[in-house]
Amino acid sequence: MAEAVRRGLRAPATVLTLRATAAATLAYVVALRVSSEPAPLTAPLTALLVVQVTLYSTLTTGIRRVNSVVAGVLIAIGFSAVTGLSWWSLGLIILASLTVGRFVRVDEFVNEVAISAMLVLGVTRLASQAWDRVLETLVGAGVGLLFNLVFAPPVWVDTAGEAVEDLARRARHLLVRIGEELGGPTRVERAAERLHEARRLDQAIADVDAALRQAEDSLRLNPRISEGLLSRLVLRTGLDTLEICVVVIRVLARSLTDLAKRREPEEGLFPPDVTVELEDLLAHLGGALVSFAVLVSTQVSRNAAEAEARLAAELTAAWAVRDNVAQLLLRKVQEHPEAWQLHGSLLAEVDRILDELDLDHRSRRLMEELDRASATRLRRLPRFARGRKAAA
């Protein structure tokens, strides 16, 4: 999965490099025509900072960038009226710029406020060059935004979908390995290795989340996407479900490790009949995880229907095997009740994964998120909401 995520991150980096180079060059050409500066480098610098992988981030970054430069220019003009450039005035303007930058909400461009103020304060023709810097900033931001409007950036949904599927396949591989090792001699070290592997799987969710955030940004304000909200929610709720399942798998691995500590090295964790059923159950759980990931990452309706059918079949088989395991464990616990809590915990963890992957549960969760997103949108547009009520 890590390799897939790295491939997904390299692709946007390559696209960003090419797009930023073209936008910066174009911004410089435009600035040469509208600015009195002989080398209006602020315009290509702004374009480099503004042009991001997605249209949404380009727009939001451009606004913050322009705000930071304008704030810095205004601070420099104010200071120039009362003092020149000296060591103490430089310190004051840096302090004032960084302080003001926190209030104008320019986020990562707080330092740019101070940089703009220092550059403008140090020029000879302060007033004209100060406003030339603002003009160049507007040119760079405008070119960056128009560049992404004319040459629409790619949608990174497929990259995020691959990361989600790779996470599910890695979880399936872990479950299959756990199932295959149940019948062998009990070794606490081997059980602990599976626990550490589950923890690493849990930590890998952060990489998938980064890919998903990038995909979500690529869907916002993208003219090529008509159902961006639905696509974002499908992927986000799908990753949330997989994250819960991965956490439960880690707990399951912990239960098996604790159970291994109660067994003698020559013993197996479970009797042979229970081991066969548990191995089958974990295999179906892994298959259900992969089918679920394919379902939430599939954009074509026909493929989604096939993935849904596979998921339903895996869940049906898993529930049937789970019931057999429950009956077998019940009899074993009645014979040897000393580990009943670990057996019960094992079944509870399996039930939690099956419940999270259930199609009805998935549909309810998705509808709840859609309703919540719609309510949030209506709160942000009160006039629109009142107009809809009046029309109704």
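Glu-279 has a relative accessible area of 35% and is therefore partly exposed, a class lying between buried (under 20% relative accessible area) and exposed (over 50%), as computed with a 1.4 Å probe on protein chains only. The model is predicted, so local features need a pLDDT of at least 70 and side-chain atom pairs count only at pLDDT 80 or more, whereas totals for chains, interfaces and linings use all residues. Residues are numbered from 1 along each chain as its sequence is written, and side-chain values use heavy atoms, with hydrogens and water left out.

Glu-279 belongs to helix 11. Helices here are DSSP runs of H or I with at least four residues, strands are runs of E with at least two, and both are numbered from the N terminus. Leaving aside neighbours within four places in sequence, Glu-279 is in contact with Gly-179, Glu-180 and Leu-182, contact meaning heavy atoms within 4.5 Å. Gly-183 is 96 residues from Glu-279 in sequence, yet their C-alpha atoms are 8.8 Å apart in space.

Helix 11 also packs against another helix. Two packed helices are described by the angle between their axes and the distance between the axes. Helix 11 (residues 272–297) meets helix 13 (residues 340–357) at an angle of about 25 degrees, with the axes 10 Å apart. The two helices are therefore roughly parallel, the term for angles under 35 degrees. These axes are lines fitted to C-alpha atoms over the stretch in contact, and angles run from 0 to 180 degrees between N-to-C directions. The crossing of helix 11 past helix 13 is left-handed, that is, the near helix is turned anticlockwise from the far one by less than a right angle. Helix 11 contributes Leu-278, Leu-281, Leu-285, Ala-288, Leu-289 and Phe-292 to the contact, and helix 13 contributes Leu-346, Val-350, Ile-353, Leu-354 and Leu-357. By class, the residues of this contact are 11 nonpolar, no polar and no charged; nonpolar covers Ala, Val, Leu, Ile, Met, Phe, Trp, Tyr, Cys and Pro, charged covers Asp, Glu, Lys and Arg, and the others, Gly among them, are polar.

Three further residues can be followed in other helices. Ser-255 lies in helix 10 (residues 228–261) and counts as buried because its relative accessibility is 7%. Beyond residues up to four places away in sequence, Ser-255 touches Leu-342, Ser-345 and Glu-349. Arg-194, in helix 8 (residues 188–203), is likewise buried, with a relative accessible area of 8%. With the same exclusion of residues up to four places away in sequence, Arg-194 touches Leu-174, Arg-177, Ile-178, Glu-181 and Ala-253. Thr-137, in helix 6 (residues 126–150), is buried at 1% relative accessibility. Apart from neighbours within four places in sequence, Thr-137 is in contact with Thr-42, Thr-46, Arg-65, Val-66 and Val-69. The C-alpha atoms of Thr-137 and Val-69 are separated by 7.2 Å, although the residues are 68 apart along the chain.

The protein chain as a whole contains 15 helices and 0 strands. Of its 392 residues, 46% are buried. Among contacts between residues at least 6 apart in sequence, 78% join residues at least 24 apart.

Confidence is expressed as pLDDT, the predictor's score for each residue from 0 to 100. The chain averages 76, and 73% of the residues score at least 70. Among the elements, helix 11 has the highest mean pLDDT (89) and helix 15 (residues 382–391) the lowest (48). Over residues 387–392 the pLDDT is below 50, and this stretch has 1 contact in the model beyond near neighbours in sequence.

Key. Parallel < 35°, antiparallel > 145°, perpendicular 65-115°, else oblique.
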